[in-house]
Amino acid sequence: MAIANTVAVLNAMQADGVIGRYAIAGAVAAYNYIEPTLTEDLDVLVAFNDPPQRKVTGLVTLEPIFSFLAGQGYARLEGEGVIIEGWRVQFLPAANALDEEALASADEIALAHGDVGTVRMRILRPEHLVANCLLVDRLKDQVRIMQFLTEDAVNTEALCGVLARHGKWGEYCAKMRIRNPCDRAHA
Amino acid sequence: MSRKRETIYPDISDILEEKAGIRRRLQKRSFQEKVEAMEALRERLRPLKEARERRKAARDNTKG
């Protein structure tokens, strides 16, 4: 399973201090909860271990990630991502309070790796995936939110808690002409 | 006559119900099973993707 090899590389990056805590985001994370859709990208939400350049400029550079990966033989860039064991990996630095909360509360799962081993990986929780879709708000994000709702794949109370802190839920429900489930949760 | 009134033609409700069942079964699979299925699907679709990229490149060259 190729993705287990990719995750093993991510875990090595974390062990070496290249990245801090990370969690799988985007469509692949959604696989953990809803009907899968085809994707080329593995989105990885990452925190950094207080990089020195951030203190000076307030900006985060991904250069240390790409240098490390190039040193491991993963130098092929494609679009905004880098190819690691067959997956185009996009590193998304934690950029706001929603990302920080999502990283802190991500679930951990194990994947079979090789003949007998496993690798552990963290995956964003469904309520944070929905909140992030709401923030990004492309057509496919709107569809994914509907999938989470119609497939009953998100805990409404937890979702409403996250959205109360980070979301524009009322606007989305009005746009999609659906009843706001948070109204029902709080009724 | 009455049969004609009851049936909306073409009636595809059974097909839609079957598809919904497939989606429910897909959703219930484990993360690992879903990723494996998508990786296999990606491989099967690779020739189509490459053909699409070739067509796009040819179109872009024509425009340029």
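## Salt bridges within chain A

Let's start at the surface: A:Arg76 is exposed, with 52% of its relative area accessible. This is a predicted model, so every value here is computed from predicted coordinates. The side chain of A:Arg76 meets that of A:Glu78 in a salt bridge, at 2.7 Å from N to O. A:Glu78 has a relative accessible area of 23%, so this residue is partly exposed. Side chains of opposite charge can pair when their charged atoms come close.

A second pair to look at is A:Arg120 with A:Glu108, whose side chains form a salt bridge with an N to O distance of 2.5 Å. A:Arg120 belongs to strand β7 (residues 117-123) of chain A and A:Glu108 to strand β6 (residues 107-113) of chain A, so the bridge ties together parts that are 12 residues apart in sequence. A:Arg120 is partly exposed, at 46% relative accessibility, and A:Glu108 is partly exposed too, at 43%.

A:Arg138 and A:Asp141 make another salt bridge, and their closest N and O atoms are 2.7 Å apart. Are the two partners buried or exposed? A:Arg138 is partly exposed, with a relative accessible area of 41%, whereas A:Asp141 counts as buried at 2% relative accessibility. Buried here means under 20% relative accessible area.

Salt bridges can also share partners, and in this way A:Asp41, A:Arg76, A:Glu78 and A:Arg88 are joined into one network. Over all chains, the count of salt bridges comes to 15.

## Helix α7 of chain A

A:Asp141 is one of the buried residues of helix α7 of chain A; the others are A:Gln142, A:Arg144, A:Ile145, A:Gln147 and A:Phe148. The helix covers residues 139-150, which makes 12 residues. From its first C-alpha to its last, α7(A) reaches 17 Å, close to the 16 Å expected at 1.5 Å a residue.

What do the buried residues of α7(A) pack against? Their neighbours are α2 (26-30), α6 (126-136) and α9 (169-176) of chain A. After the helix comes A:Asp152, which has a positive phi, near 55°.

## One disulfide and two other cysteines

How many disulfides does the whole structure hold? A search over all chains finds 1, and this disulfide joins A:Cys160 to A:Cys182, with the sulfurs 2.1 Å apart. The pair links distant parts of the chain: A:Cys160 sits in helix α8 (residues 156-166) of chain A and A:Cys182 in helix α10 (residues 181-186) of chain A, 22 residues apart. The torsion about their S-S bond is about -100°, so the disulfide is left-handed. Both A:Cys160 and A:Cys182 are buried.

A:Cys133 is in no disulfide, and its nearest cysteine sulfur, that of A:Cys173, is 14 Å away. A:Cys133 counts as buried, at 4% relative accessibility. Where does that leave A:Cys173? The closest cysteine sulfur to that of A:Cys173 is in A:Cys182, at 6.9 Å, which is too far for a bond because a disulfide needs two cysteine sulfurs within 2.5 Å. A:Cys173 is buried as well, with a relative accessible area of 2%.

## Where chain B meets chain A

Turning to the interface, 14 residues of chain B are in contact with 24 residues of chain A. The two chains bury about 1700 Å² between them, and 62% of this area is on carbon and sulfur atoms. Which residues of chain B lose the most area to chain A? They are B:Gln27, B:Phe31 and B:Arg42, which together account for 40% of what that side buries.

The interface also has polar and charged pairs. There are 10 residue pairs in polar contact across it, both members being at pLDDT 80 or more. The interface holds 1 salt bridge, formed by B:Lys49 with A:Glu40, with the closest N and O atoms 3.4 Å apart. On the side of chain B that touches chain A, α2 (13-28) and α3 (31-63) of chain B each supply at least two residues. Helix α3(B) gives the most to that side, with 11 residues.

Note on methods. Residues are numbered from 1 along each chain as its sequence is written. Chains are lettered from A and ligands numbered from 1 in the order in which they are written. This is a predicted model: local features need pLDDT of at least 70, side-chain atom pairs count only at pLDDT 80 or more; totals for chains, interfaces and linings use all residues. Side-chain values use heavy atoms; hydrogens and water are left out. Helices (H or I, at least four residues) and strands (E, at least two) are DSSP runs, numbered from the N terminus. Buried means under 20% relative accessible area, exposed over 50%, partly exposed in between (1.4 Å probe, protein chains only). The expected span of a helix is 1.5 Å times one less than its number of residues. Contact means heavy atoms within 4.5 Å. Buried area is the accessible area (1.4 Å probe) that two parts lose on being put together, summed over both. A salt bridge is a side-chain nitrogen of Lys or Arg within 4 Å of a carboxyl oxygen of Asp or Glu. A polar contact is a pair of N or O atoms within 3.5 Å; within protein, one must be able to donate a hydrogen and the other to accept it, and residues adjacent in sequence count only if both atoms are side-chain atoms.
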